[in-house]
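Work through these exercises with the sequence and the 3D view side by side. Try each task before you read its solution.

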Amino acid sequence: MNINEDIRFEDFIISFKTVWRKKVVCIAGALLMFAIGIILTWNTDVSNYYSSTVSIYSNSYGNVAESYSVTEVMNSYADVVKSSKVCERAASSLPQYGFSAAEIADLLKVSASDKVAITIEASYIDPIVAEDVANAVAESFVIEMRNITGSNAVQILDSASNSKRTYNGFVNLWKKRVIFFAAGFVLVAGVIFVRELFSNKARLAEQFAVDENDFILGIIPEADSKNGK
């Protein structure tokens, strides 16, 4: 426990200075954690992922009431996009990739809107495959909505024609490893800081808790064995 009844500002200053003096120890701890991070992430997938989107909207050819009704149904049935029926139909239209319905569903992200459209996004390590999957699922969903609503109002607004990279595997791998390095530095520095903060050693007169009637006679320095003092 610190010699003070209460920790003072000077104690924090000394603790920070101690951490700075022992920065080499902190860096060593950081490098150790960095090495552990490399080992733990050695087999991490570094593939880049690409996403392609398709927009689907409701159009009843001028019939506003019908269009609104179909839009409401379309958004209510947005989860149908990832249903086994829709995904099986999409998978069967892409035999060259050999995807199952479950695998197709895992590649999808669906965003419903209160307005006119929903967006279907497919992500994969190959941008061409992402485009093909997004388009196939959109077409399958339109067919399913036609069966559900009995209307041709649900249509594809924009087909997937290009993909954008949404995940950089290599960059994210090294971000994780840098986090290990930073965590190691902070952990070691924190231990040094706390040990010094609650140490019984006094290095400044200000660290002593004194009453108004007390006074300090002096401070006995620590012996320096190197200089023989």
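Rings of Phe, Tyr and Trp (its six-membered ring) pair if their centres lie within 6.5 Å; planes under 30 degrees apart count as stacked, over 60 as edge-to-face and the rest as tilted. The model is predicted, so local features need pLDDT of at least 70, side-chain atom pairs count only at pLDDT 80 or more, and totals for chains, interfaces and linings use all residues. Residues are numbered from 1 along each chain as its sequence is written, and side-chain values use heavy atoms, with hydrogens and water left out.

**Exercise 1. Aromatic pairs**

Task: Find how many aromatic pairs the structure holds, then describe the pair of phenylalanine 16 and phenylalanine 193.

Solution. 
Step 1. The structure holds eight aromatic pairs.
Step 2. Phenylalanine 16 and phenylalanine 193 form a tilted pair, at 4.8 Å centre to centre and with 55° between the planes.
Step 3. Phenylalanine 16 is in helix α1 (residues 9–21) and phenylalanine 193 in helix α7, so the pair links parts of the chain 177 residues apart. Helices (H or I, at least four residues) and strands (E, at least two) are DSSP runs, numbered from the N terminus.
Step 4. Check the cover. Buried means under 20% relative accessible area, exposed over 50%, and partly exposed in between (1.4 Å probe, protein chains only). Phenylalanine 16 has 54% relative accessibility, so this residue counts as exposed. Phenylalanine 193 has 16%, so this one counts as buried.

**Exercise 2. A second pair and a cluster**

Task: Classify the ring pair of phenylalanine 34 and tryptophan 174.

Solution. 
Step 1. The ring centres of phenylalanine 34 and tryptophan 174 are 6.1 Å apart and the planes lie at 35°, so the pair is tilted.
Step 2. Phenylalanine 34 sits in helix α2 and tryptophan 174 in helix α7, so the pair ties together parts 140 residues apart in sequence.
Step 3. Both residues are partly exposed: phenylalanine 34 has a relative accessible area of 21%, and tryptophan 174 has 33% relative accessibility.
Step 4. Widen the view. Phe34, Phe170, Trp174 and Phe181 form one aromatic cluster.

**Exercise 3. Surface patches**

Task: Which residues make the nonpolar surface patch, and which gather in the patch of positive charge?

Solution. 
Step 1. Take the rule. Patches are made of residues with over 30% relative accessible area and no salt bridge: like charges are joined within 9 Å, nonpolar side chains (Val, Leu, Ile, Met, Phe, Trp, Tyr) within 5 Å.
Step 2. Ile27, Leu31, Phe185 and Val186 make a nonpolar patch of about 340 Å². Helices α2 (23–40) and α7 (169–197) each supply at least two of its residues.
Step 3. Lys17, Arg21, Lys22 and Arg195 gather in the positive patch. Arginine 195 lies in helix α7 and counts as exposed because its relative accessibility is 65%.

**Exercise 4. The whole chain**

Task: How many helices and strands does the chain have?

Solution. 
Step 1. The chain has seven helices and five strands.
Step 2. Along the sequence the pattern reads α-α-β-α-α-α-β-β-α-β-β-α.
Step 3. Of the 229 residues in the chain, 31% are buried.

Definitions and conventions:
Areas by Shrake-Rupley, 256 points an atom, 1.4 Å probe, with all protein chains shown as cover. Salt bridge = Lys/Arg side-chain N within 4 Å of Asp/Glu carboxyl O. Lys, Arg positive; Asp, Glu negative; His and termini not counted. Charge placed at Lys NZ, Arg CZ, Asp CG, Glu CD.
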